[in-house]
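Please look through the sequence and the structure before reading on.

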Amino acid sequence: MTKRTYAAPSKEQPFFGFAAKTDAERNEDDKFVKALVQAAGTKEKALDEVVKRGWRALGSGKYPEAALRFNQAYLVAPEQSVVYHGLAAIAQIRFKDLDFAEELFRIAQKQPNPLKMLNADYGRVLLVAKRPKEAQPVLEQAVKDTPDFGDAWINLAHARLQNGDREAACAAADVAMKQRPSSNASVDLNRLRNDAQCK
């Protein structure tokens, strides 16, 4: 994995900014994980709780807190897909680092217990990076993983249109319309339908 650092406190960067930790800091981490697991009951429940808080913070635009939560998840279960998924979102949204986000999404795909939303989020990053050819197969999988997620269908429609398949783009747009996409995506969908000249 590439070791990327950013202009932010280490706890707000993916993987604590890859900073070398002192013995005292490692002991504090161990105490934190032990207390969290004890409070939650199991390691799995502890991970679930801290990850929920991470996604909630991310959705509310509280990026420093979101990064801290996903870093805490890394301390609890460094092998789990959701850790890389969450930190990829931080790299993309807060630090605008699409390359590192993509690298973390690729790692997340290979780790245990990926979220159903993983391919939808990864495909969107590839679209934002203006790589529709790579995005399309990821998004084709995303709509299989989450068939009722309208935004994934819209992103798939974009990828198909950018790859020159107008009919398939319109077909994906038709499905997206039935799935109640988010308000931002709905505006995007109308523009896409015009661009693709969908009936």
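Q: How many aromatic pairs does the structure hold?
A: Two rings count as a pair if their centres lie within 6.5 Å. In this predicted model, the number of aromatic pairs is seven.

Q: Are the planes of Trp55 and Phe70 stacked, tilted or edge-to-face?
A: The centres of the two rings are 4.8 Å apart, and the angle between their planes is 70°. Planes over 60 degrees apart fall in one class, so the pair formed by Trp55 and Phe70 is edge-to-face.

Q: Which helices hold Trp55 and Phe70?
A: The two residues are 15 residues apart in sequence, so their pair ties together separate parts. Trp55 lies in helix α2, residues 43-59, and Phe70 lies in helix α3, residues 63-76.

Q: Why is the pair of Phe105 and Tyr122 called stacked?
A: Planes under 30 degrees apart count as stacked. The ring centres of Phe105 and Tyr122 are 5.5 Å apart, and the pair is stacked because the angle between their planes is 20°.

Q: Which residue has its charged end over the ring of Phe16?
A: The charged end in question sits 3.7 Å from the centre of the Phe16 ring, and the residue that carries it is Lys21.

Definitions and conventions. Residues are numbered from 1 along each chain as its sequence is written. This is a predicted model: local features need pLDDT of at least 70, side-chain atom pairs count only at pLDDT 80 or more; totals for chains, interfaces and linings use all residues. Side-chain values use heavy atoms; hydrogens and water are left out. Rings of Phe, Tyr and Trp (its six-membered ring) pair if their centres lie within 6.5 Å; planes under 30 degrees apart count as stacked, over 60 as edge-to-face and the rest as tilted. Helices (H or I, at least four residues) and strands (E, at least two) are DSSP runs, numbered from the N terminus. A charge sits over a ring if NZ of Lys or CZ of Arg is within 6 Å of the ring centre and within 35 degrees of the ring normal.
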